[in-house]
Amino acid sequence: QTKHAVEQAKIAVETDYPVFALADDSAYKNSPMLNPKDHFDLVVPYYKQVCDVVRKAGKFIFFHSDGFTEPYFPGLIQAGFHGIESLEEMAGMDLKHLKETYGDKLCLIGNIDPWYGTPAEIAAKVKQRIKDAAAGGGYIVSPCTDFTDDVPLDNALAMVEATKKFGIYNK
């Protein structure tokens, strides 16, 4: 599987795309699926080989997983990911803590659940997330996962508008 993934990465980096994702949902809402040590020993070497191909091409790669992934962060950093996404709020991923702990090593992407709340509550979350993680760069406002059909349109629009309004900050 690693050999195949590395070959795919070699082909992918020949495209015009500057950023790649390695999506590997590997956590539950309250815990990682694998013991972090086992993840480090068994999975991180695979990730590293793929990240090395992408980095060598001068491109960027981020890791995606829903759930509580923080115990994997040291290994993901060592593997060479530039960023981590989804930082799922409902799984206990605390953006302010993640920024303080890993913000100098990773771009943090996500941490907004637009499925729940009113448009005003979504706008307030966006403002708070920017306050918590944007200083110094390294944060991308994003929903915890894709905008799916069950995201209320007003909430999606509130998220976009709040990002435009509050997303300008000094480094």
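**View 1. Surroundings of Ser26.** Leaving aside neighbours within four places in sequence, Ser26 is in contact with Pro32, Met33, Leu34, His39, Phe63, Ser65 and Tyr72, where contact means heavy atoms within 4.5 Å. Ser26 sits in the loop between β1 and α2. Helices (H or I, at least four residues) and strands (E, at least two) are DSSP runs, numbered from the N terminus. The relative accessible area of Ser26 is 8%, so the residue is buried; buried means under 20% relative accessible area, exposed over 50% and partly exposed in between, with a 1.4 Å probe and protein chains only. The model is predicted: local features need pLDDT of at least 70, side-chain atom pairs count only at pLDDT 80 or more, and totals for chains, interfaces and linings use all residues. Residues are numbered from 1 along each chain as its sequence is written, and side-chain values use heavy atoms, with hydrogens and water left out.

**View 2. The largest pocket.** The volume of the largest pocket is about 180 Å³. Its lining consists of Ala5, Gln8, Ala9, Ala12, Val13, Phe20, Ala21, Leu22, Tyr46, Val50, Val54 and Ile61. Two or more lining residues come from each of α1 (2–12), β1 (19–23) and α2 (36–56), and α1 gives the most, with four residues. By class, eleven lining residues are nonpolar, one is polar and none is charged. Ala, Val, Leu, Ile, Met, Phe, Trp, Tyr, Cys and Pro count as nonpolar, Asp, Glu, Lys and Arg as charged, and the others, Gly among them, as polar. On a 1 Å grid over the protein atoms alone, a pocket is an open set of points where a 1.4 Å probe fits, with protein on both sides within 12 Å along at least five of seven lines; lining residues have an atom within 4 Å of a point. Grid points are joined across faces, edges and corners, and a volume is the space filled by probe spheres set on the points.

**View 3. The second largest pocket.** The second largest pocket holds about 150 Å³ of space. Val19, Phe60, Ile61, Phe62, His82, Gly83, Cys107, Ile109 and Ile140 form its lining. At least two lining residues come from each of β2 (60–64) and β4 (107–110), and β2 has the largest share, three residues. Seven of the lining residues are nonpolar, two are polar and none is charged.

**View 4. Ile109 in strand β4.** Ile109 is part of strand β4 and is buried, with a relative accessible area of 11%. Leaving aside neighbours within four places in sequence, Ile109 is in contact with Phe62, Ile84, Glu85, Ser86, Leu87, Ile140 and Ser142. From C-alpha to C-alpha, Ile109 and Cys144 are 8.0 Å apart in space, while 35 residues apart in sequence.

**View 5. Helix α4.** Leu95, Leu98, Lys99 and Tyr102 are buried in helix α4 (residues 95–102). Seen down the axis of α4, these buried residues fall within an arc of 100°, so they line one face of the helix; the arc is that of the directions from the helix axis to the C-beta atoms. They pack against α3 (73–79), β4, α5 (119–133) and β5 (139–140).

**View 6. Asn155 in helix α6.** Asn155 lies in helix α6 (residues 153–166) and is buried, with a relative accessible area of 2%. Leaving aside neighbours within four places in sequence, Asn155 is in contact with Pro114, Trp115, Tyr116, Gly117, Thr118, Pro119 and Ile122.
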